Amino acid sequence: MSRFRIPRVPATEITPEHVWMDRRRWLGRAAALGALAGAGPAAFAARADESTGPALEGRTNAEFSVMEKPTSWRDITSYNNFYEFGTDKGDPRRHAGRMVTEPWAVAVEGEVLKPRTFDIDALRKLAPMEERIYRLRCVEAWSMVVPWVGYPLSELLRQVEPTGNARYVTFETALQPEAMPGVGRRIIDWPYVEALRMDEAMHPLTLLVFGLYGKVLPNQNGAPLRLAVPWKYGFKSGKSIVRIRCVEEKPSSSWMVAAPTEYGFYANVNPDVPHPRWSQATERRIGDHILAPRVKTRMFNGYGEQVASLYAGMDLSRDF
Ligand code: MTE
């Protein structure tokens with residue numbers, strides 16, 4: 001967990017065209033996001049250089065993007081939590097290539113008027129793709145800044161028309177034992193399941209993600225689709241989703257069942273509520289220099305203005 005990766009690829013003299021194109025794209029995006037304190041567009045561009053895979057672009061959504069330097073493609077795709085492939089941060093990149101992502105279907109069902117199974121191609125076309133730069137804060141006290149490509153989950157939920165009884169939404173993720181060396185270990189009761197309250201699921205920040213850095217999502221990051229819920233610890237954002245279910249009763253998630261004293265339903269980022277085994281007051285930004293100071297963790301991961309009202313009147317030290 002605490003291994004450091006110092007960027008290994010220096011700015012190179014020979015720049016292949018696709019890299020140069022990426023740089024141009026990033027210059028455009030950074031310009032659209034405005035001038036960034038301490039990080040000019042060139043810094044953005046340098047960090048996208050290593051991205052690979054088929055393109056999947058989205059309109060820059062500056063309103064929902066943070067003004068921070070994105071973590072490099074290399075770090076985002078090689079320092080991962082995806083326990084189905086193993087518990088080492090390098091395991092997902094090593095093994096996730098074996099996961100079969102085509103064909104892929106997602107069942108959206110439960111307390112809805114129009115249950116439906118969507119093919120991945122239909123899902124990709126359901127709403128306009130946006131690019132949003134979100135913070136990702138892991139419960140293990142590290143963080144990244146990630147340029148996701150996707151659209152709000154609410155766009156999908158609206159299609160199936162949740163009934164008045166739909167108070168929560170569960171997300172079941174893929175289970176492919178032959179491709180997933182990690183599921184032989186009963187760390188959690190597979191498949192990995194997460195859940196949100198309906199208003200959290202419908203919040204405009206809750207993103208259904210299909211891409212990263214303008215490319216189709218790599219398997220280790222949750223291909224072909226995952227969630228990004230930026231004000232919650234990263235484990236709430238299930239990867240490689242196969243079933244979305246609207247339900248009336250408050251569900252349990254995999255981590256709540258595995259370790260109920262450590263992981264609650266809400267999992268809102270909260271520097272004042274330590275994990276029973278470590279502090280949540282600060283975080284290590286992946287990719288920062290080894291001597292760089294730790295970053296102070298902010299309530300709701302800095303998204304309080306947008307989401308604090310969802311929890312008005314709740315005691316967030318009890319509902320952690
Ligand atoms: N989804 C599944 N299916 N399996 C997992 O182990 N790990 C979670 C979340 N989604 C996980 C998952 C955790 S703990 C984090 S921090 C994020 O994915 C990490 O996403 P990233 O690897 O793209 O940074």
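Predicted model: local features only at pLDDT ≥ 70, side-chain atom pairs only at ≥ 80, totals over all residues.

**Ligand site**

I began with the nitrogen side of the ligand: one of its nitrogen atoms is 3.4 Å from a polar backbone atom of Asn-81.

Next I checked Thr-173, where a polar side-chain atom lies 3.3 Å from a nitrogen atom of the ligand. Then I turned to Asn-80, which has a polar side-chain atom 2.8 Å from an oxygen atom of the ligand. How much of the ligand does the protein bury? Taken alone, the ligand exposes 530 Å², and 97% of that is buried by the protein.

I also wanted to know who stands around the ligand. I get 16 residues surrounding it, and the closest are Asn-80, Tyr-83, Arg-226, Ser-237 and Lys-239. The shell residues split into six nonpolar, seven polar and three charged.

Which pocket does the ligand take up? I looked, and the ligand's space is the largest pocket.

**Salt bridges**

How many salt bridges does the whole structure hold? My search of the whole structure turned up 21 salt bridges. I picked two of them to write down.

One pairs Arg-94 with Asp-88, with the closest N and O atoms 3.3 Å apart. Is Arg-94 buried or exposed? I have Arg-94 down as exposed, because its relative accessibility is 56% and the cut-off for exposed is over 50%.

Conventions
Residues numbered from 1 in each chain as written. Heavy atoms only, no water. Near = heavy atom within 4 Å. Polar contact = N/O pair within 3.5 Å; in protein donor to acceptor, adjacent residues only side chain to side chain. Areas by Shrake-Rupley, 256 points an atom, 1.4 Å probe, with all protein chains shown as cover. 1 Å grid on protein atoms, 1.4 Å probe; cavity = no way out; pocket = protein on both sides within 12 Å on 5 of 7 lines; lining within 4 Å. Sits in = over half its atoms within 2 Å of the grid points. Nonpolar A, V, L, I, M, F, W, Y, C, P; charged D, E, K, R; others polar. Salt bridge = Lys/Arg side-chain N within 4 Å of Asp/Glu carboxyl O. Buried < 20%, exposed > 50% of the residue type's maximum accessible area, 1.4 Å probe, protein only.
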